[in-house]
Amino acid sequence: MKPPHATHPDADDRWSLVVPLKPLALAKSRLAAAAGSRLRPRLALAFAEDTVGAALNCVPVRDVAVVTDDPEAAEALAALGARIVRDTPAAGLNAALAHGVRAVRSRRRHARVAALNADLPALRPEELARVLDVARKFPRAFLADAAEIGTTFLSAAPGVELEPAFGGASRLRHLSSGAVEITLAGVDSVRRDVDTGEDLAVAGALGLGPRTAARWLSAAG
């Protein structure tokens, strides 16, 4: 008998990514001190646009499903090629991710899935591809954030539940749930989520995506 994470004969071997996004009016509240209340939601959208754009340009990625109820974000991200899934549970981040996975697998039962944060404005497709290549070896795997406290990426092989436990000290929760931690070097752009002005400065040193750079640099200049 094949193990539960073995590729099913009719499975697409590429990945479906699920990206959750709060309503922009509520997103990135800790960034307000650095960006101001008017720029903050625009930056939150730019982060998501650069994250989704980079993910869609990653060779092992088949598609990206964005779980959101924000109409402005939905329109912008759909224009990039993302599938928009309404957050009908409206019960927080992990419920949104589980809902997104169900939506993906309602169309492709044996989809290989991964959750990815929406606030990775320096994301590089080639670095994400390296993470996905390692994740492929395990039933469930995750990547800790740059602080090694939270999580920016969690994957599940075909036939395996994602079991997301994002938020706060999620690294330890994902470890405790049996997910394998990915410890690759040189994938800083996949680990650098942005919650504060200091985070944004570090992401800037890595190289911001075009939409974040345009909004942030125009505001700064």
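The following legends describe close-up views of a predicted model.

**View 1. Confidence along the predicted chain.** The protein chain has an average pLDDT of 93, and 93% of its residues score at least 70. Over residues 1-10, by contrast, pLDDT stays under 50. For residues 1-10 the model has 14 contacts beyond four places in sequence. Where pLDDT is low, the predicted coordinates should not be read in detail.

View 2. An open sheet is built from 7 strands, with mixed pairing. The strand order is β3-β2-β1-β4-β6-β5-β7. The edge strands, β3 (83-85) and β7 (180-181), each pair on one side only.

**View 3. Pairing of β2 with β3.** Strand β2 comprises residues 61-67 and pairs with β3 in the parallel sense, over 3 bridges. Val67 stands opposite Val85, which belongs to β3.

**View 4. Helix α4 across the sheet.** The strands across which α4 lies are β1 (15-20), β2, β3, β4 (112-116) and β6 (151-156). Relative to β1, α4 runs at about 150 degrees.

**View 5. The largest pocket and its lining.** The volume of the largest pocket is about 790 Å³. Its lining is made up of 31 residues, of which Pro20, Lys22, Lys28, Leu93 and Asp119 are the closest to the pocket centre. Two or more lining residues come from each of the elements α2 (39-56) and α4 (93-107); α2 gives the most, with 3 residues. By residue class, the lining of the largest pocket divides into 13 nonpolar, 9 polar and 9 charged residues.

Terms used: Residues are numbered from 1 along each chain as its sequence is written. This is a predicted model: local features need pLDDT of at least 70, side-chain atom pairs count only at pLDDT 80 or more; totals for chains, interfaces and linings use all residues. Side-chain values use heavy atoms; hydrogens and water are left out. On a 1 Å grid over the protein atoms alone, a cavity is a set of points where a 1.4 Å probe fits but cannot get out, and a pocket is an open set with protein on both sides within 12 Å along at least five of seven lines; lining residues have an atom within 4 Å of a point. Grid points are joined across faces, edges and corners, and a volume is the space filled by probe spheres set on the points. Helices (H or I, at least four residues) and strands (E, at least two) are DSSP runs, numbered from the N terminus. Ala, Val, Leu, Ile, Met, Phe, Trp, Tyr, Cys and Pro count as nonpolar, Asp, Glu, Lys and Arg as charged, and the others, Gly among them, as polar. pLDDT is the predictor's confidence in each residue, from 0 to 100. Contact means heavy atoms within 4.5 Å. Two strands pair if DSSP finds at least two bridges between them. Axes are lines fitted to C-alpha atoms, for helices over the stretch in contact, and angles run from 0 to 180 degrees between N-to-C directions.
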